[in-house]
Amino acid sequence: MTPPTSASAPVNGPVSADESALLAAFEARIAAGECIEPKDWMPERYRKQLTRMMSQHAHSEVVGMLPEGNWITRAPSLRRKLSLIAKVQDEAGHGLYIYCGTETLGVDRQELVEQLLDGRAKYSSIFNYPTLSWADMGVIGWLVDGAAIVNQTVLAKASYGPYARAMVRICKEENFHKRQGYEICTVLANGTPAQKAMVQESVNRFWWPALMMFGPSDTNSPNSAELLKWRVKRKTNDELRQRFVNLTVPQAIALGITLPDPDLRFDEATGDWKFGAIDWSEFHEVLAGNGPCNQERLAARRKAHDDGAWVRAAANAHAEKQRARKDSAVA
Ligand SMILES: [Fe+2]
Ligand SMILES: [Fe+2]
């Protein structure tokens, strides 16, 4: 199917015969497994949904630096400190790739950053929980980056080319993050009784919030149907959550760590680890801004943005100077 790529094509939904034809061609391309690229025609709703999803993702990468950045100065060895710095720096890179991806949709990054700073934008609920012990660095790598991999591996097959390609690279780095986290957990779980207790206590705090990272249950996920239809998402929230649990339970068993769910059991018929009920009221409270660290995270981002004003001003002045030099050379 030849892609309709007219830049002047209407983008506000199928109100005319022309637009219906464009939409049909767009959906046929998606059904055929083709990628949609920035200059291709796309329904405005697809652009909006992608912008929402990608900007939330970018914000999550950047806010996600904060809970772990908190432990860089307290890492127990130089080796641990180096790998934690590298991981936190990777997350900044992930944020940048994805913000760049949103710009290919015609969005101004500044606008997205403002939405985050003034509290209008959402980001992953998990980053509103505090990091109270060194074991949290291990458990975040194992569970939080582990959940991110499950999510993002599927996004690497998303229908929007720039997003899918960003995910391929990001997933490679997330694999390192998960391994460094699991290695920290392994060392602690095989250490002194106090170290083992520390990792168990951390798992007790992070297990349920990690399951909530996949978003609301399919029965209560208003955007899912459309995202699945257009193959921005390829699996439902509940499918991904189950996959994560199935992958993670054997890892917990290998560590000798108990997951804080008395209802967790293996279902022979389906091959799934069935888990207990998630406390969705907690999830909605955190999303509404009432989690343990929401205020702290936004305050830290606002401060970082203000502190970086001179860098942005200098970069703009430099770009302006370069442009003037180029213009005078042409003249
Ligand atoms: Fe990341
Ligand atoms: Fe990561």
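The following exercises, with worked solutions, concern a predicted model.

**Exercise 1.** Classify the aromatic pair formed by Phe26 and Trp230, and state which parts of the chain the pair ties together.

*Solution.* 
Step 1. The ring centres of Phe26 and Trp230 are 6.1 Å apart, and rings pair if their centres lie within 6.5 Å.
Step 2. The angle between the planes is 80°; because planes over 60 degrees apart count as edge-to-face, the pair of Phe26 and Trp230 is edge-to-face.
Step 3. Phe26 belongs to helix H1 (residues 17-31), whereas Trp230 lies in the loop between helix H9 (224-229) and helix H10 (237-255), so the pair joins parts that are 204 residues apart in sequence.

**Exercise 2.** Identify the protein donors of the iron ion (ligand 2) and classify its site.

*Solution.* 
Step 1. The protein donors are Glu91 (OE), Asp145 (OD), Glu174 (OE) and His177 (ND1), at 1.9 to 2.2 Å from the ion.
Step 2. The angles among the 4 donor atoms run from 90 to 156°. Tetrahedral sites require all angles to lie between 85 and 135 degrees, and the site of the iron ion (ligand 2) is irregular.
Step 3. Glu91 also bridges to the iron ion (ligand 1), and the two ions lie 3.4 Å apart.
Step 4. Asp145 in helix H6 and His177 in helix H7 (residues 161-189) are 32 residues apart.

**Exercise 3.** Decide whether Asp145 is buried or exposed.

*Solution.* 
Step 1. The relative accessibility of Asp145 is 4%.
Step 2. Buried means under 20%, so Asp145 counts as buried.

Notes. Residues are numbered from 1 along each chain as its sequence is written. Chains are lettered from A and ligands numbered from 1 in the order in which they are written. This is a predicted model: local features need pLDDT of at least 70, side-chain atom pairs count only at pLDDT 80 or more; totals for chains, interfaces and linings use all residues. Side-chain values use heavy atoms; hydrogens and water are left out. Rings of Phe, Tyr and Trp (its six-membered ring) pair if their centres lie within 6.5 Å; planes under 30 degrees apart count as stacked, over 60 as edge-to-face and the rest as tilted. Helices (H or I, at least four residues) and strands (E, at least two) are DSSP runs, numbered from the N terminus. Donors are N, O and S atoms within 2.8 Å of the metal (3.2 Å for Na, K and Ca); water is not among the atoms, so sites may look incomplete. Four donors count as tetrahedral if all angles lie between 85 and 135 degrees; four count as square planar and six as octahedral if opposite donors are over 155 degrees apart and all others between 65 and 115; anything else is irregular. Buried means under 20% relative accessible area, exposed over 50%, partly exposed in between (1.4 Å probe, protein chains only).
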